[in-house]
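Please examine the model displayed below.

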Number of protein chains: 2
Amino acid sequence: MPRKVTLADVSRAAEVGVATVSRALGDHPDVSEATRQRVRAVARSLGYRPSATARALRTGEYRAISVIVPDAGWGWWEPVVRAAFKAAAEVGYYLMAHPVAGTKGGAAAIVEALANVPTDGVIVIGVPDQDGVCEACDRIALPAIAIDDTSRTVRFPTISAQNREGARLAVEHLISLGRRSIALLRPNIGVETDNWGDGLFIDHRTLGYRDALDSAGIAFDESLIIDCTDPFNETRKHWRELEAELSTGVRIDAMFCAADSMAGAALRTLRAHGLKVPEDVSIVGFDDERAAILVDPQLTTIRQPYEEMGCYAVELLLRKIQGEHVDIRRYEFVTELVRRSSTDEPERLAKPDGTT
Amino acid sequence: MPRKVTLADVSRAAEVGVATVSRALGDHPDVSEATRQRVRAVARSLGYRPSATARALRTGEYRAISVIVPDAGWGWWEPVVRAAFKAAAEVGYYLMAHPVAGTKGGAAAIVEALANVPTDGVIVIGVPDQDGVCEACDRIALPAIAIDDTSRTVRFPTISAQNREGARLAVEHLISLGRRSIALLRPNIGVETDNWGDGLFIDHRTLGYRDALDSAGIAFDESLIIDCTDPFNETRKHWRELEAELSTGVRIDAMFCAADSMAGAALRTLRAHGLKVPEDVSIVGFDDERAAILVDPQLTTIRQPYEEMGCYAVELLLRKIQGEHVDIRRYEFVTELVRRSSTDEPERLAKPDGTT
DNA sequence: TAGTCTATCGGGAGCGTTTCCGGTAACGTT
DNA sequence: AACGTTACCGGAAACGCTCCCGATAGACTA
């Protein structure tokens with residue numbers, strides 16, 4: 001294999017100093033147009049490629065950032081990552097993704113490994129023990145910012161959607177269809193949730209659910225809250241209880257899936273109990289992830305502005321990398337309702353407010 | 001922020017030479033146990049972390065490899081990447097993922113960017129212009145190996161499933177259910193396919209389809225082949241033709257989806273035309289990606305041994321990195337049929353071979 | 001004509017490692 | 001007592017780059 005061609009090689013071939021080559025290639029001002037051209041030409045013909053390592057060692061910056069994601073693929077964060085990739089590329093930064101799934105040792109191990117990866121900062125997206133990761137980053141002086149919040153306190157700049165308002169939007173939509181017995185299906189994310197407290201996204205969504213009920217004067221019924229651990233295997237106790245209730249004839253006429261990923265299981269279960277969607281039960285999800293259009297019927301859901309969130313994340317991170325101060329608070333983004341067939345109006349139901 | 005602590009700092013604090021520190025930390029033989037302990041302790045208390053950059057610059061190896069994937073998430077390659085991550089970690093290598101989706105410039109640009117990323121080699125997974133990417137890697141002396149094949153020739157070590165045998169398995173299963181009018185739904189992958197030639201995975205799957213038909217003595221009917229560009233939007237002409245046929249009463253009783261990602265659309269379309277799965281139409285997919293268990297009914301499909309493939313990929317790549325010779329050929333892995341409800345036997349159909 | 005200024009360039013240090021090589025001290029051997 | 005061995009350690013070079021600083025030559029000013 002051909003030995004790597006270095007600055008010195010180019011310098012020799014172009015008959016100029018190595019410093020000049022560096023400047024010519026780096027578009028610095030104090031080099032004549034003529035030499036710049038010549039150096040350029042020689043470098044190209046020699047197939048010169050700068051060593052990112054050497055450059056990083058010298059300058060102390062890698063021009064690369066990392067995102068830590070829960071898994072390689074499959075999740076609401078995909079579009080966020082995609083957007084972040086693009087945003088980073090636009091300012092000449094390279095972005096790399098680090099899935100934590102399957103890694104043993106969890107957050108700590110991830111950051112441990114990250115210490116060996118050339119990166120100027122990290123974006124932590126919806127991983128368990130988000131705070132732990134961020135703090136570990138802090139310890140090794142790595143700027144970090146978080147997206148979504150799986151930790152109750154805000155000790156790092158945190159980007160999230162307006163979860164409470166979004167949930168309210170969802171449930172209001174169901175109510176506007178004339179639904180009144182609305183179940184809340186919640187993903188269990190491995191940390192204790194606190195229905196009323198501030199913090200976890202799922203808490204906010206629960207609050208939004210209550211907000212909508214309250215405004216509509218519908219009594220809150222705790223038995224309609226169902227926690228669901230595994231969206232694919234439906235192992236959670238509460239979920240089985242719902243199934244039991246359904247088979248004993250308890251009726252719900254709507255369901256707010258606080259995460260799209262559970263929609264498949266929900267649909268299957270409802271169907272198994274002879275309930276039709278959207279005729280008998282209307283469903284609204286949250287996240288607008290790709291599963292939403294895969295299921296049948298396609299899912300009405302709450303969409304987060306993933307692109308904006310991803311872009312803003314890199315923007316914030318770059319600021320932090322450049323030493324600017326970034327407020328430690330939650331940066332919230334507005335959500336919108338995406339209507340699909342899971343909330344088609346089956347028949348003309350009399351609505352509370354009398355509109356069509 | 002605290003300045004980074006270097007070898008020199010540790011050396012000063014431990015009152016030994018920097019070379020000794022390096023050796024002590026690196027578990028080299030010629031350093032006394034006593035000093036090793038002391039250096040270790042000092043390093044820990046100072047919070048020393050070796051600079052991966054400096055080390056890489058000196059040693060010339062990064063102990064990191066890259067995977068290039070079509071997209072950030074959502075696809076059959078997810079488990080491959082996951083397995084590769086693990087395999088790499090086990091031998092002390094770090095793996096990073098590079099999605100090409102959204103990148104402008106395609107393959108060339110990717111590798112261009114990769115030149116600035118510290119990596120010892122790359123695994124290219126199912127991206128368009130796979131050959132182009134591999135060749136670009138070759139040019140910059142980056143060891144590369146490919147997984148799956150979206151190029152017709154094998155100019156790089158290529159890992160793939162036994163696509164032909166897998167497809168045969170799928171279709172034989174359908175035939176064993178008594179089905180005889182079996183549609184083949186194919187993903188369009190952006191390159192011209194050649195039904196009979198060797199190369200693209202989809203060609204192999206088509207061949208397997210024919211193999212099964214031939215063995216069962218079922219005549220091949222070209223009009224049952226449907227090409228489908230976008231699994232989510234179903235825009236392809238042939239697909240609309242199928243829909244048209246279905247509505248004019250043309251009957252199929254089974255469908256082999258040559259990629260799971262199309263199953264959602266297929267199911268929706270069939271349902272829209274009043275056909276029930278699995279009662280009226282049996283469906284088998286290919287890939288066993290996560291979509292397979294999300295759809296309703298859950299999809300019988302052909303599973304590739306993703307974990308093995310991912311592990312083998314890093315094994316092969318590491319060998320290449322270490323300068324060993326790696327045969328340039330296709331490394332094929334056996335597939336298996338995963339039975340789910342989309343091929344439940346609806347009623348007792350008379351089977352050709354008379355078995356139950 | 002002498003001095004100053006600008007444009008252009010080269011030398012060389014230094015980023016944090018690893019590793020070669022040479023040096024010292026302690027020990028064992030004749 | 002003189003030598004060779006062994007065990008341990010430190011100095012320093014090198015990896016490829018950037019950038020500070022000083023040098024040179026020509027142009028311009030007084």
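B:Thr301 is in contact (heavy atoms within 4.5 Å) with B:Asp260, B:Val284, B:Gly285, B:Phe286, B:Asp287, B:Asp288, B:Ala292, B:Glu336, B:Leu337, B:Val338 and B:Arg340, when its neighbours within four places in sequence are left aside. This threonine belongs to strand β10 of chain B, residues 300-303; strands (E, at least two residues) and helices (H or I, at least four) are DSSP runs numbered from the N terminus. B:Thr301 counts as buried because its relative accessibility is 0%. Buried denotes under 20% relative accessible area, exposed over 50%, and partly exposed the range in between, with a 1.4 Å probe and protein chains only.

The model is predicted: local features require pLDDT of at least 70, side-chain atom pairs count only at pLDDT 80 or more, and totals for chains, interfaces and linings use all residues. Residues are numbered from 1 along each chain as its sequence is written, chains are lettered from A and ligands numbered from 1 in the order in which they are written, and side-chain values use heavy atoms, without hydrogens and water.

A nonpolar core is a set of buried Ala, Val, Leu, Ile, Met, Phe, Trp, Tyr and Cys residues joined through side-chain atoms within 4.5 Å. The largest one holds 92 residues, of which A:Met255, A:Phe256, A:Ile283, B:Met255, B:Phe256 and B:Ile283 touch the most other members. A second, separate core has 40 residues, among them A:Ala64, A:Ala136, B:Cys134 and B:Ala146.

Chain A contains 13 helices and twelve strands, and 54% of its 356 residues count as buried. Of the contacts in chain A with a separation of 6 or more, 69% join residues 24 or more positions apart.

Sugar and phosphate make up 59% of the atoms of DNA strand C within 4 Å of the protein. A polar backbone atom of A:Ser32 is 2.7 Å from a phosphate oxygen of DNA strand C, whereas a polar side-chain atom of B:Arg58 is 2.3 Å from a base oxygen of DNA strand C.

DNA strand D is surrounded by 27 residues, with A:Leu7, A:Tyr48, A:Arg58, B:Gly17 and B:Thr20 the closest. Here sugar and phosphate provide 64% of the atoms of DNA strand D that come within 4 Å of the protein. Phosphate oxygens of DNA strand D lie 2.4 Å from a polar backbone atom of A:Leu7 and 2.5 Å from a polar side-chain atom of B:Thr20. The largest share of the surface near DNA strand D, four residues, comes from α4(A).

Technical notes: A residue is near a molecule or strand if one of its heavy atoms lies within 4 Å of it. A polar contact is a pair of N or O atoms within 3.5 Å; within protein, one must be able to donate a hydrogen and the other to accept it, and residues adjacent in sequence count only if both atoms are side-chain atoms.
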